[in-house]
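User: I would like to go through the pockets, cavities and disulfide bonding of a protein model. Could you take my questions one at a time?

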Amino acid sequence: MPLLLTGLLASGAAAPSAALARPAEGRPAAAREVAARPAADDLSARLSAIPGMRVVKENPAPAGYRALELRYRQPVDHRHPDRGTFEQRLFLLHRATDRPMVLNTNGYDLDYQDPALRAEPTEILDSNQISVEHRYFGTSTPHPTDWTKLDIWQAATDHHRIVRALKTIYRAAWISTGGSKSGMATVYHRRFYPHDVAGSVVYSAPDITDARDGAAEDRFLERVGSPACRRALTAVQRQLLGARRTETAGRIARSAAAHGDTLHIVGSADRLLEFTTLMLPERFWMGQGEAGCRRIPGRSATGAALYAWFDGVMGLQGYTDLYVSLVTASFYQLGTQLGMTERAAPQLAGMLRYPGIQRIRTLVPRHIPMRFQPRAMPDIDRWVRHHGSELTFVYGENDPVRSQPFRTGPGSRDAHVYLAPHTGHHVRFDKLSPGDRARATAALRRWAAVDTPPA
């Protein structure tokens, strides 16, 4: 699911390829085992004793860990906790109560996350980990759904209550982490509750302080990669909205019908084609990058080959009504606080049919009201620059997200921004230069008060 706001949106729509939105995630290499323990063992009992917490089940876990699925009861409105509650889904990886804890903020649902997945900081620290399904996603959705209670402060307060509850068991240092939209959630939690954790590692997170101005990303896309690769992408865009338009829109419509799905939210196959074609360059550089340049179809490619490549980059099924409805909360957040900038497309002059197609309303059902709050993101940006501490931001050199990154400022303390060369949206410490990797790892260990992993 998600990537910048157009990129954040792009993967947000593509539920089948959810890993694109979670660069810090990956299946653990360690062998898995299921511990055969009584349900009422000490850990389960201690967790169940936390007010509002219940243990749902135990899952397969990496060697040396236990994996538990939990539910924690949260107020729908933290300002008025008496006005309804919902249960928030959590995945706990338990290593030892005296090891650090990593708060993996996620940012979406947990349906596409392996319960045994360890984020990179968890691997480095050999720590515990709690992964949090974001409010209004997956099973963590209040009913009835009051959309006005989906905002960054409410979500940050969810995280704050979870930290406070679990610190009764896990008393060592806490670290928070997330990638893309999940990384944004990590920063927002720190802004409102800066002392909940000892430090944060944030991957590929955009900082959109002016949703009306997409010039920074436009300039980035004009320079990233080689001129030949950029020309090839432009040629594909012109094919898709020119000579191949009717054919490609027909393929989109037939694919949706074959899956028993519809396109009522986006409006039509042709609208979906124009929307995704405008997004193509940034999505390409997020996920394909330099290595993908040689695979861009030329003018002689068949219609089937062009469509297969385009679908592979964009995940077109993710924009059908079924998948869009699964991540409506993501698009709502973009349209109310996070922001989404529009791309200039002079190379497509005369080919565009739908003014305003790039606006987030394209993917939010009309019955859901939205009002953008332009002060939300500048407030976050000021906090990072003037008060943010113990923060590590990691970006990929070729990722359009870095055209509007978080930056440190005069009040930042022990805060760092690193750039991984020749890398897109899927960035990790191990893609940094050796020196930067060593510095980032040392800061993480210092914050967590960990010198070496346990024997």
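Analyst: The conversation below takes up the pockets, then the cavities, then the disulfide of this predicted model.

User: What volume does the largest pocket have?

Analyst: The volume of the largest pocket is about 320 Å³. It has 17 lining residues, and those closest to its centre are Leu 221, Glu 222, Thr 234, Pro 281 and Gln 347.

User: Now the second largest pocket. How much space lies in it?

Analyst: The second largest pocket holds about 220 Å³ of space. Its lining includes Ala 211, Arg 212, Leu 334, Gly 335, Arg 359 and Phe 372. By class, that lining has five nonpolar, four polar and three charged residues.

User: Let us change topic. How many cavities of 30 Å³ or more are there?

Analyst: There are two cavities of 30 Å³ or more. The largest cavity has a volume of about 80 Å³.

User: Which residues line the largest cavity?

Analyst: Among them are His 134, His 159, Lys 181, Tyr 188, His 189 and Gln 333. Helix H4 (152-166), helix H5 (181-192) and helix H12 (328-338) each supply at least two residues of this lining. The largest share, five residues, comes from H5.

User: What is the make-up of that lining by class?

Analyst: The lining of the largest cavity divides into seven nonpolar residues, four polar residues and one charged residue.

User: Next, the disulfide. Which residues does it join?

Analyst: The count comes to one disulfide, and this bond joins Cys 229 to Cys 293, with an S to S distance of 2.1 Å. The pair links distant parts of the chain, 64 residues apart: Cys 229 is in helix H7, and Cys 293 is in the loop between H9 and helix H10 (303-314).

User: Is the disulfide left-handed or right-handed, and why?

Analyst: The disulfide is left-handed, because the torsion about the S-S bond of Cys 229 and Cys 293 is about -90 degrees.

User: One more: is Cys 229 buried or exposed?

Analyst: Cys 229 is buried, because its relative accessible area is 3%, which is under the 20% cut-off. Cys 293, at 21% relative accessibility, counts as partly exposed.

Definitions and conventions
Residues numbered from 1 in each chain as written. Predicted model: local features only at pLDDT ≥ 70, side-chain atom pairs only at ≥ 80, totals over all residues. Heavy atoms only, no water. 1 Å grid on protein atoms, 1.4 Å probe; cavity = no way out; pocket = protein on both sides within 12 Å on 5 of 7 lines; lining within 4 Å. Points joined across faces, edges and corners; volume = space filled by probe spheres on them. Nonpolar A, V, L, I, M, F, W, Y, C, P; charged D, E, K, R; others polar. Helix = DSSP H or I, 4+ residues; strand = E, 2+ residues; numbered from the N terminus. Disulfide = S-S within 2.5 Å. Buried < 20%, exposed > 50% of the residue type's maximum accessible area, 1.4 Å probe, protein only.
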